[in-house]
Amino acid sequence: MSSGTRSKKNPADASSEEASTASDPPPQEKWLSTIMEKQTANILNSIDIKFNEFYESLKELKSDLSKTISRVDCAEEKLDDLEQYVRRNNLRIFGVKEAVGEDTDQIVIALIKNKLNIDISLNDLERSHRVGPKVSQFARPIIVKFCSYRKRAEVFGNKKLLKKTGFVIREDLTKRRYKLVQSAQEKYGKNNVWTADGKIVIKKSDNTVSYISNANNL
């Protein structure tokens, strides 16, 4: 074939070129797609930044909340210590039969003299009375406030002499400490939990003794 003769295109090649041209998106669509991709990337990046900021703020709030709870717990413990200190001269006596028109001062004096072998008089008592709602089947405990801590300590120190008599002497605890004693007794047993000057003492299975001031110590 001479050089001056125009070559004829293969029909198959022509068809392929037409198909390729038809499949390519118009320039306007390419530009729009590029813009959308950039905007999507910017939005995702912005969301990621906001999420990180929110996460950091959440961590700070959690830390502040933890500190606040700790301060509240500390304040509650201090208030409880103060309330217990006010009760330091008090004792509660259980197992004393209740009678109409009774004189609890004389009942307490007689019990301490006869059962604990301690010399005591009315001058040693500031006041005494029954506590709790009256139930016909059960005798309410008697709470006694002594004039001096020394006399109160002497009485409480001899409470073991009441063993097998039906009478029991316990310290006058705050509601918070009373609940803590109950929780400790459930875990360690009644014989392994006691109180001393308002402090709760526990004896563990390894015979170690420790004081507890809140539920976290259990």
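So, secondary structure: the chain has 5 helices and 7 strands, taking DSSP runs of H or I with at least four residues as helices and E with at least two as strands, numbered from the N terminus. Going along from the N terminus, the order is α-α-β-α-β-β-α-β-α-β-β-β.

Quick caveat: this is a predicted model, so to speak, where local features need pLDDT of at least 70, side-chain atom pairs count only at pLDDT 80 or more, and totals for chains, interfaces and linings use all residues. Residues are numbered from 1 along each chain as its sequence is written, and side-chain values use heavy atoms, leaving out hydrogens and water.

Okay, the surface. Of the 218 residues, 23% are buried, meaning under 20% relative accessible area, with exposed being over 50% and partly exposed in between.

Now, patches: these take residues with over 30% relative accessible area and no salt bridge, joining like charges within 9 Å and nonpolar side chains (Val, Leu, Ile, Met, Phe, Trp, Tyr) within 5 Å. A salt bridge here is a Lys or Arg side-chain nitrogen within 4 Å of an Asp or Glu carboxyl oxygen.

The nonpolar one is Trp31, Leu32 and Met36, together about 360 Å² of accessible area. Trp31 sits in helix 2, residues 27-86, and counts as exposed because its relative accessibility is 56%.

Then there's a positive patch, Lys159, Lys160, Lys163 and Lys164, with Lys and Arg counted as positive, Asp and Glu as negative, His and chain ends not counted, and the charge placed at NZ of Lys, CZ of Arg, CG of Asp or CD of Glu. Lys160 is in the loop between helix 4 (149-157) and strand 4 (168-171); at 72% relative accessibility, Lys160 is exposed too.

Terms used:
Accessible areas come from the Shrake-Rupley method with a 1.4 Å probe; for residues, only the protein chains shown count as cover. Buried means under 20% relative accessible area, exposed over 50%, partly exposed in between (1.4 Å probe, protein chains only).
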